[in-house]
Amino acid sequence: MHPLQCVLQVQRSLGWGPLASVSWLSLRMCRAHSSLSSTTCPSPERQEDGAPKDFSSRLAAGPTFQHFLKSASAPQEKLSSEVEDPPPYLTMDELLGRQRKVYLETYGCQMNVNDTEIAWSILQKSGYLRTSNLQEADVILLVTCSIREKAEQTIWNRLHQLKALKTRRPRSRVPLRIGILGCMAERLKEEILNREKMVDVLAGPDAYRDLPRLLAIAESGQQAANVLLSLDETYADVMPVQTSPSATSAFVSIMRGCDNMCSYCIVPFTRGRERSRPVASILEEVKKLSEQVLQLIHERDNICKQIHLPAQSGSSRVLEAMRRGYSREAYVELVHHIRESIPGVSLSSDFIAGFCGETEEDHVQTVSLLREVQYNMGFLFAYSMRQKTRAYHRLKDDVPEEVKLRRLEELITVFREEATKANQISVGCTQLVLVEGPSKRSATDLCGRNDGNLKVIFPDAEMEDVNNPGLRVRAQPGDYVLVKITSASSQTLRGHVLCRTTLKDSSENC
């Protein structure tokens with residue numbers, strides 16, 4: 001039997017995938033004698049007494065599955081800091097964008113939104129500028145979809161519009177270059193390049209790193225294309241740059257491609273085989289997005305400076321039993337980071353008293369966390385077992401009910417003491433308050449929220465309107481008013497109203 005046939009049979013019997021069989025084959029063949037013909041099946045290995053070894057013995061002496069796992073490490077992603085040598089037909093200067101302006105249009109799914117952000121990240125580092133004005137663009141890139149015929153027809157129609165723009169381009173400006181990126185580029189390749197010669201650049205979903213080279217080639221008047229699919233490209237080292245300043249959400253891609261091969265779907269053929277990003281790169285991107293959120297909260301006056309940070313317990317042991325995924329130390333470190341990023345931030349949290357297996361020492365650690373963090377708001381409960389949960393099936397609800405209630409009372413007492421201390425810092429300060437409506441406890445008072453989402457109570461009285469001097473008004477729900485804080489408790493602030501204002505006027509005067 002031919003060596004490759006032998007290996008494939010072993011592969012099938014052990015359930016190894018094709019990559020495993022290739023690695024095993026390479027390892028075994030490298031050990032073969034150099035004079036052995038590639039068409040000759042190596043003779044069976046022999047024991048010390050000269051008798052041929054049986055297959056099981058030879059298999060046991062070969063590489064183990066663990067050896068395969070260590071040997072077949074995942075391909076290393078390119079580091080974004082690496083500078084590759086330019087191809088011999090281009091200079092480094094030709095690969096640079098030289099501040100040419102790029103206009104990006106995205107069609108299709110969330111993955112295409114992410115692809116646009118990846119492509120722009122690569123172009124930005126190469127010296128391109130981005131524009132939202134189609135008329136001033138030097139490069140127009142369409143990130144396309146092929147999931148349905150209508151999606152492709154939309155692109156063909158758009159290309160006809162852009163062809164007219166390209167034709168009217170003044171000779172005094174650099175020639176306009178048009179590129180098709182993504183799934184449609186992968187699926188239609190030659191047709192896009194040949195149809196009316198409108199497209200200068202073609203880049204498939206795995207070729208965005210090549211965009212600077214493709215655009216450099218297009219500058220010479222040639223068409224440039226790269227639609228090669230990859231088995232390992234995940235853009236793990238490319239940090240996407242959000243292309244819409246007004247976007248309220250961001251997408252984090254954790255995998256590319258698809259192996260499902262649904263009978264109706266084109267995706268496996270336009271995006272290639274399924275592969276996942278390294279976990280470290282996913283976490284790094286999420287961390288950066290989180291940092292951006294903290295920065296926005298700090299910078300924007302129209303975003304409440306309050307973060308809900310559920311702790312549930314101050315004991316790392318209990319947190320592990322709860323499967324929360326963090327330790328007490330990691331939680332406290334996060335609290336410090338948030339307070340450094342957003343001075344004066346208000347923090348709220350959730351706590352459970354008497355979870356399965358909670359000891360008195362665990363409870364004491366939760367009490368100490370309440371004192372250490374000093375939350376402005378809190379939601380505290382005694383644990384109650386819920387059916388269908390993991391705790392219901394795996395753990396024992398072994399803390400007596402009276403102990404749970406006693407611990408809960410202690411947590412509530414400590415929370416109120418520390419929250420009162422935290423809130424009393426506001427006494428004597430003037431705060432901007434968004435009016436919500438009448439107070440639930442007094443018909444003569446109004447209730448609103450300050451920048452830390454704390455409840456503020458103040459008398460429903462006439463006040464001056466800063467935009468209309470001399471005009472006396474009463475606050476209505478949705479109004480912004482300035483309130484001087486006169487007292488504080490663990491749950492509310494109280495004060496007297498000074499005037500009605502606006503968010504803009506308030507921020508300008510602060």
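## Contacts, rings and helices

In the protein chain, residues 24 or more positions apart make up 66% of the contacts with a separation of 6 or more; contact here means heavy atoms within 4.5 Å. This is a predicted model, where local features need pLDDT of at least 70 and side-chain atom pairs pLDDT 80 or more, while totals for chains, interfaces and linings use all residues. Residues are numbered from 1 along each chain as its sequence is written, and side-chain values use heavy atoms, leaving out hydrogens and water.

Start with the overall picture. The chain has 17 helices and 18 strands, which are DSSP runs (H or I, at least four residues, for helices; E, at least two, for strands) numbered from the N terminus. Of its 510 residues, 41% count as buried, meaning under 20% relative accessible area with a 1.4 Å probe, protein chains only.

Now for the rings. Searching the whole structure turns up 4 aromatic pairs. Rings of Phe, Tyr and Trp (its six-membered ring) pair if their centres lie within 6.5 Å, and planes over 60 degrees apart count as edge-to-face. Here are two of those pairs:

| Pair | Centre to centre | Angle between planes | Type |
|---|---|---|---|
| Phe351 and Tyr375 | 5.6 Å | 70 degrees | edge-to-face |
| Phe355 and Tyr383 | 4.9 Å | 75 degrees | edge-to-face |

The Phe351 and Tyr375 pair links strand 10 (residues 346-353) to the loop between helix 14 (360-373) and strand 11 (377-382), 24 residues apart. Both Phe351 and Tyr375 are buried. The other pair joins two loops: Phe355 sits between strand 10 and helix 14, and Tyr383 between strand 11 and helix 15 (390-394), 28 residues apart. Phe355 has 6% relative accessibility, so it counts as buried. Tyr383 is buried too, with a relative accessible area of 10%.

Next, the helices. Helix 11 (residues 279-299) has 21 residues and spans 30 Å from first C-alpha to last, close to the 30 Å expected (1.5 Å times one less than its number of residues). Its buried residues are Ser281, Ile282, Glu285, Leu294 and Ile297. What covers them? Helix 6 (110-125), strand 9 (306-308) and helix 13 (328-341) are among the elements that do.

Helix 6 also packs against helix 9 (residues 211-219), at an angle of about 65 degrees with the axes 9 Å apart. Those axes are lines fitted to C-alpha atoms over the stretch in contact, and angles run from 0 to 180 degrees between N-to-C directions. The two helices are therefore roughly perpendicular, a label for 65 to 115 degrees. Ala119, Ile122 and Leu123 of helix 6 meet Leu211, Pro212 and Leu215 of helix 9.

Key:
Phe/Tyr/Trp six-rings, centres within 6.5 Å; stacked < 30°, edge-to-face > 60°. Buried < 20%, exposed > 50% of the residue type's maximum accessible area, 1.4 Å probe, protein only. Parallel < 35°, antiparallel > 145°, perpendicular 65-115°, else oblique.
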